[in-house]
Amino acid sequence: MLVRISVLLGAECKEEASLELEEGATVGDAFRRAASLWSSKWPAGFYDRDSGDFYGTLMVNYRHASMGDPLADGDSVVLLPSMAGG
Amino acid sequence: MACGYAGKILYVDLSGMRHWAEPLDVGLSERFIGGSGLAAPLLFKEAPPGTEPLSPDNALIFLTGPFTGTMIPTSGRHCVVTRSPLTLTWGECDAGGHWGTALKRAGWDGIVVRGRAEYPVYLWVKDGHAEIRRADRVWGMDVYDADEALRTETSRDAVTGLIGPAGEKLVLLASIVFDGRDARVTARGGPGAVMGSKLLKGIVVSGTGPRPSAHHQKSLDQDLKARLPEIVRGGKALNEYGSANGVTGAEFSGDLPLMNWRKGSWPEGAAKLSGKAMAETILTGKFFCGACVIGCGRRVAVKTGRWAGVDGAGPEYESLGTLGSLCLVDDLEAVAKATELCNRLGLDTISTGSAVAFAMECYEKGLITKADAGLPLEWGSGEALVTLVEQMGNAVGLGAVLGRGVKRAAQEIGGLAPEYALHSKGLELPAHDPRAYYSSALSYATSNRGACHLAGLTHIFERATVMPEIGVESPMDRFTGEGKGRMVAAAQNVMGVMDSLKVCKFGLFAGITVTDMARWYTLLTGRETSPAALIAIGERIFNLKRVYNVRCGFSRKDDTMPDRILTLRRGEGGAARGLPPLGEHLADYYEARGWSEEGIPTRETLERLGLDGF
């Protein structure tokens with residue numbers, strides 16, 4: 001069975017695309033799939049293609065999340081370049 | 001007195017060289033909480049509207065909030081409130097660090113300073129004891145050196161709040177720097193100049209008392225234990241790379257100001273100023289403010305090369321966005337040097353960077369010459385940046401003019417210079433572009449201290465942050481005006497609550513909610529409250545600050561943004577075509593606020609908020 005999620009990339013928070021993942025997939029699985037598809041468009045310092053490290057904020061349904069968190073059908077994953085202000 | 005408060009305020013009259021304690025007004029603490037909220041009625045009393053900012057009559061109010069000194073996350077904060085000499089408006093600044101915690105543990109909620117000493121002094125507060133001491137030996141020293149000297153003279157465990165040479169010389173962009181080399185700064189609007197006008201070099205505090213206990217201590221402990229893991233997780237990116245990690249994302253979305261707000265895209269330059277670049281080059285460590293679980297503070301050192309000798313707090317996002325990208329300086333070590341100079345000399349990095357960018361544009365357009373500045377003011381020149389910062393902090397040369405802020409400097413330089421001076425109510429713009437997040441235009445224009453990103457922090461709601469407590473259930477479209485007037489007013493009310501309780505705005509990025517704050521306030525103080533009740537207090541606070549400004553002569557005519565932000569598109573990058581429709585938003589905002597078309601709180605509004613006595 002597959003779960004269908006949407007992935008939103010920071011800034012505009014417009015829907016970038018939907019992904020289908022295996023049941024039991026985690027945020028990390030979604031992130032790696034998104035990176036393989038779209039990282040060429042991501043801002044510098046957001047993602048290190050060599051190490052796979054991510055330097056932004058992960059959210060699921062607008063709540064902070066970790067790479068290991070499970071995803072459910074219909075979840076919205078946000079990959080957000082870090083916000084600053086101070 | 002409710003738990004969370006020390007119950008007394010230290011009053012200092014420097015003209016009479018005396019000090020005394022007064023009990024904290026319980027009724028006021030219920031209506032205005034603490035911090036800058038509670039400072040509002042105090043400023044009305046101690047420095048009524050119209051008070052000359054640099055006269056002995058002005059008051060300099062240092063206040064903690066009920067959360068300060070507790071283990072509530074990100075609460076190690078305090079505020080400084082005064083009438084601003086830069087903007088002539090309500091003046092308010094907030095800082096983290098450990099000074100506020102030390103003051104609370106010394107047994108004080110705050111300090112109110114008035115008058116003017118006959119010679120340089122500093123205030124030494126050791127628990128319940130206060131003493132006004134001569135400061136001749138440290139007058140003229142920079143902040144880092146004075147911090148060392150005064151902690152040697154008092155206690156190595158003490159925490160300092162100091163002005164540098166800029167404050168002593170009444171530079172209108174002067175700040176007050178806390179915590180020495182781990183600088184945490186109240187900067188905007190020139191509070192350091194007010195302190196300098198009183199011949200007060202600093203306030204040194206040692207607090208050895210216990211942390212404030214809570215009314216429901218066990219429940220609060222359990223609550224914090226349950227919530228902290230998520231907050232730590234939410235703050236991970238800030239911990240990893242500091243606020244500097246926001247630079248590349250801001251550039252990507254068109255939020256990062258470039259070339260005095262004239263350029264739209266600069267990815268290579270932004271990458272050189274990023275948190276990752278800092279980590280790979282000059283970073284030597286991290287530090288935390290009191291009760292913080294995020295730890296965004298950076299320590300940096302430059303050991304070799306042109307800018308060798310830098311050793312202390314590293315540049316924050318705002319410093320990188322103004323001393324760096326706004327001037328197109330992509331040399332991270334030069335920006336670190338300029339930041340350290342601001343900390344040592346006691347200058348606001350935002351306004352200082354803005355003034356340098358303004359000068360660079362004036363140079364480009366022929367209004368300032370090489371002879372005026374002493375060197376070419378080319379875009380991207382780290383040498384020009386550092387030289388002008390030194391001049392501004394020491395009030396010499398062209399820096400003496402720039403140190404009066406871009407509004408005044410432009411009037412002195414003349415010609416088209418006012419077009420290059422970007423400010424609102426005389427306060428230089430922070431490093432978030434309203435053309436990328438439309439609500440920021442309205443938020444800056446209506447902020448009580450002038451252009452301020454922290455008074456509303458509204459752009460986060462046009463990005464990915466939600467706040468159901470104010471009706472933001474999902475992020476708003478950043479390029480439309482729909483609903484923005486009401487959202488900005490509500491967000492400003494929330495930020496006023498945070499500045500009163502004392503919660504860092506970065507706590508929102510880590511997932512702290514208004515519901516959390518209301519629950520913690522109840523558990524700490526024993527005062528039953530709710531998110532809605534807290535936000536209503538925030539509305540009262542915001543309106544009282546507005547009334548202060550109205551009494552100082554401010555109204556709709558001053559709720560403006562520079563033409564460049566409203567009429568010049570960035571042209572490329574993530575916000576290429578954005579132009580915020582401020583006028584349209586302003587009408588909705590006034591309606592949401594219950595203000596007249598002239599931006600004056602109506603009698604009905606003041607009565608509803610219990611402010612008719614002001």
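In strand β6(B), the residue that forms the bridge partner of I61(B) is V112(B). This pairing belongs to a predicted model, in which local features need pLDDT of at least 70 and side-chain atom pairs count only at pLDDT 80 or more, while totals for chains, interfaces and linings use all residues. Residues are numbered from 1 along each chain as its sequence is written, chains are lettered from A in the order in which they are written, and side-chain values use heavy atoms, with hydrogens and water left out.

**The sheet of chain B**

- Strand β3 (residues 60–63) and strand β6 (residues 110–114) of chain B run antiparallel and are joined by 4 bridges; strands here are DSSP runs of E with at least two residues, helices are runs of H or I with at least four, both numbered from the N terminus, and two strands pair if DSSP finds at least two bridges between them.

**Confidence**

- Chain B has a mean pLDDT of 97, with 100% of its residues at 70 or more, where pLDDT is the predictor's confidence in each residue, from 0 to 100.
- Within chain B, confidence is lowest in helix α8 (residues 236–241), at a mean of 88, and highest in strand β12 (residues 200–206), at 99.

**The interface between chains B and A**

- Contact, meaning heavy atoms within 4.5 Å, involves 36 residues of chain B and 28 residues of chain A.
- The area buried between the two chains is about 2700 Å², of which carbon and sulfur atoms give 59%; buried area is the accessible area (1.4 Å probe) that two parts lose on being put together, summed over both.
- In chain B, R233(B), F252(B) and R463(B) lose the most area to chain A, together 26% of what that side buries.

**Salt bridges**

- The count between chain B and chain A is 2 salt bridges, each a side-chain nitrogen of Lys or Arg within 4 Å of a carboxyl oxygen of Asp or Glu.
- D69(A) forms a salt bridge with R233(B), with the closest N and O atoms 3.8 Å apart.
- Inside chain B, E153(B) forms a salt bridge with R137(B), the closest N and O atoms being 2.9 Å apart.
- That pair links distant parts of the chain, 16 residues apart, with E153(B) in helix α4 (residues 143–153) and R137(B) in the loop between β8 (129–134) and α4 of chain B.
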